[in-house]
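Thanks for passing this one along. Here are a few notes to read with the model open.

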Amino acid sequence: MAVRAIRCPSCRTATAADVLAAVGGACPHCHRPLDSAARHEQAVAQTLEWADEAAARGDHADALAWLNTVEAVGDGLSPDYESRRAQWRTVLRDRRSDRQTQHAAGSVRPAPH
Ligand SMILES: [Zn+2]
């Protein structure tokens with residue numbers, strides 16, 4: 001799992017987004033609460049984290065929904081995430097067309113265990 005770092009605007013210490021979330025959004029180094037811009041950045045980083053986690057467990061529809069969430073709060077996606085989104089959409093589309101092909105062929109798969 002990729003860990004994103006957030007920089008404290010006061011002391012400029014970089015802290016992993018999940019660590020920041022665990023300590024309630026205050027800098028673990030200087031203990032100052034992060035300002036709203038930093039909190040926003042933290043929320044976006046956390047949301048992207050969730051998107052990656054969803055994609056990692058194969059829930060690409062959920063992953064795409066998280067990316068939509070980032071855009072909804074006003075942040076554009078980085079080129080990195082734009083390309084992930086394209087990838088995830090392709091995975092979803094391929095999976096759907098697989099399902100349709102199976103349905104059309106009338107094949108029945110054994111239930112997964
Ligand atoms: Zn700090």
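Predicted model: local features only at pLDDT ≥ 70, side-chain atom pairs only at ≥ 80, totals over all residues.

1. Start with helix H2, which runs over residues 36-56 and has 21 residues. From its first C-alpha to its last it reaches 30 Å, close to the 30 Å expected at 1.5 Å a residue.

2. Which residues of H2 are buried? Ala 45, Leu 48, Ala 51 and Ala 55. Viewed down the axis of H2, the buried residues fall within an arc of 115 degrees, so they line one face of the helix. The background is simple: an α-helix has 3.6 residues a turn, so residues three or four places apart point the same way.

3. Just after H2 comes Gly 58, with a positive phi of about 90 degrees.

4. Now for the backbone angles worth a second look. Most residues other than glycine have a negative phi. Arg 12 is not a glycine, yet its phi is positive, at about 65 degrees. You'll find Arg 12 in the loop between strand S1 (5-7) and strand S2 (14-16). Is Arg 12 buried or exposed? Arg 12 is exposed, because it has 10 other C-beta atoms within 10 Å, and the cut-off for exposed is 12 or fewer.

5. His 31 is another residue other than glycine with a positive phi, near 65 degrees. His 31 sits in the loop between helix H1 (17-22) and H2. With 11 other C-beta atoms within 10 Å, His 31 is exposed.

Notes. Residues numbered from 1 in each chain as written. Helix = DSSP H or I, 4+ residues; strand = E, 2+ residues; numbered from the N terminus. Expected span 1.5 Å × (residues − 1). Buried ≥ 20, exposed ≤ 12 C-beta atoms within 10 Å, placed from the backbone. Arc of directions from axis to C-beta.
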